Structure formats: C-alpha cells, structure tokens
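In these entries I record what I looked up in one protein structure. I begin with the overall dimensions and then turn to single residues.

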Amino acid sequence: MVAGGIATTVGLVLPWLLGRFGSDPAYGSGPMSAIIQDLLTLLTYFVVVSLIVG
C-alpha cells in the first residue's frame, strides 16, 4: 500500500512541479517519474524488511 501511495504521489506531483517551473510536464510523466517511483519503492521495501528482520 505504501509503494502504491508513493507511486501515485510522484506521478501527480512531479509533472505539476515541472509545469510550475516552466519545464515541459511530459518529462515528469515519462521515464523520470518511473525511475523515481522505482527507487522510492525499493527504498520502502528495504526499510520495511529491515524493521521486520532487525
């Protein structure tokens, strides 16, 4: 659930921020958004596993 929430938030906020700064929002909804979502999802999984194991 956390990973889904993070992905949704990044998918909404990143293009909006790029549009606010005058850049093309399409850059944020493409590969850049996917990379950030994947990294944050992996980080979330590692934190949850370390809390369970540790």
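Entry 1: overall form. I noted that the model is a predicted one. I looked up the radius of gyration and found 13 Å, whereas a compact globule of 54 residues would have a value near 10 Å. I then took the box along the principal axes, which the C-alpha atoms fill, and its sides are roughly 45 × 15 × 15 Å. For the secondary structure I recorded two helices and zero strands.

Entry 2: surface. I asked what share of the 54 residues counts as buried. The value is 19%. The accessible surface comes to about 4100 Å², and 75% of that surface belongs to carbon and sulfur atoms.

Entry 3: the two helices. I looked up how helix 1, residues 2-20, and helix 2, residues 31-53, lie relative to one another. Their axes come within 9 Å and cross at roughly 150 degrees. The crossing of helix 1 and helix 2 is right-handed. From helix 1, the contact is made by Val2, Ala3, Ile6, Ala7, Val10, Gly11, Leu14 and Leu18. From helix 2, I listed Met32, Ser33, Ile36, Gln37, Leu40, Thr41, Thr44 and Tyr45. Sorted by class, this contact has eleven nonpolar residues, five polar residues and no charged residues.

Entry 4: serine 33. I found serine 33 in helix 2. Is this serine 33 buried or exposed? Serine 33 counts as buried because its relative accessibility is 4%, and the cut-off for buried is under 20%. Not counting residues up to four places away in sequence, serine 33 touches Val10, Gly11, Leu14 and Gly28.

Entry 5: methionine 32. Methionine 32 also has its place in helix 2. At 37% relative accessibility, I recorded methionine 32 as partly exposed. With its neighbours within four places in sequence left aside, methionine 32 is in contact with Leu14, Leu18 and Tyr27. I also looked up its separation from alanine 7, which is 25 residues away along the chain. The C-alpha atoms of methionine 32 and alanine 7 are separated by 12 Å.

Entry 6: serine 50. Serine 50 is found in helix 2. I then compared its position with that of serine 29, 21 residues apart from it in sequence. From C-alpha to C-alpha, serine 50 and serine 29 are 31 Å apart in space.

Note on methods:
Residues are numbered from 1 along each chain as its sequence is written. This is a predicted model: local features need pLDDT of at least 70, side-chain atom pairs count only at pLDDT 80 or more; totals for chains, interfaces and linings use all residues. Side-chain values use heavy atoms; hydrogens and water are left out. Axes are lines fitted to C-alpha atoms, for helices over the stretch in contact, and angles run from 0 to 180 degrees between N-to-C directions. Helices (H or I, at least four residues) and strands (E, at least two) are DSSP runs, numbered from the N terminus. A crossing is left-handed if the near helix is turned anticlockwise from the far one by less than a right angle, and right-handed if clockwise. Contact means heavy atoms within 4.5 Å. Ala, Val, Leu, Ile, Met, Phe, Trp, Tyr, Cys and Pro count as nonpolar, Asp, Glu, Lys and Arg as charged, and the others, Gly among them, as polar. The radius of gyration is taken over C-alpha atoms; the globule rule is 2.2 Å times the number of residues to the power 0.38. Buried means under 20% relative accessible area, exposed over 50%, partly exposed in between (1.4 Å probe, protein chains only). Accessible areas come from the Shrake-Rupley method with a 1.4 Å probe; for residues, only the protein chains shown count as cover.
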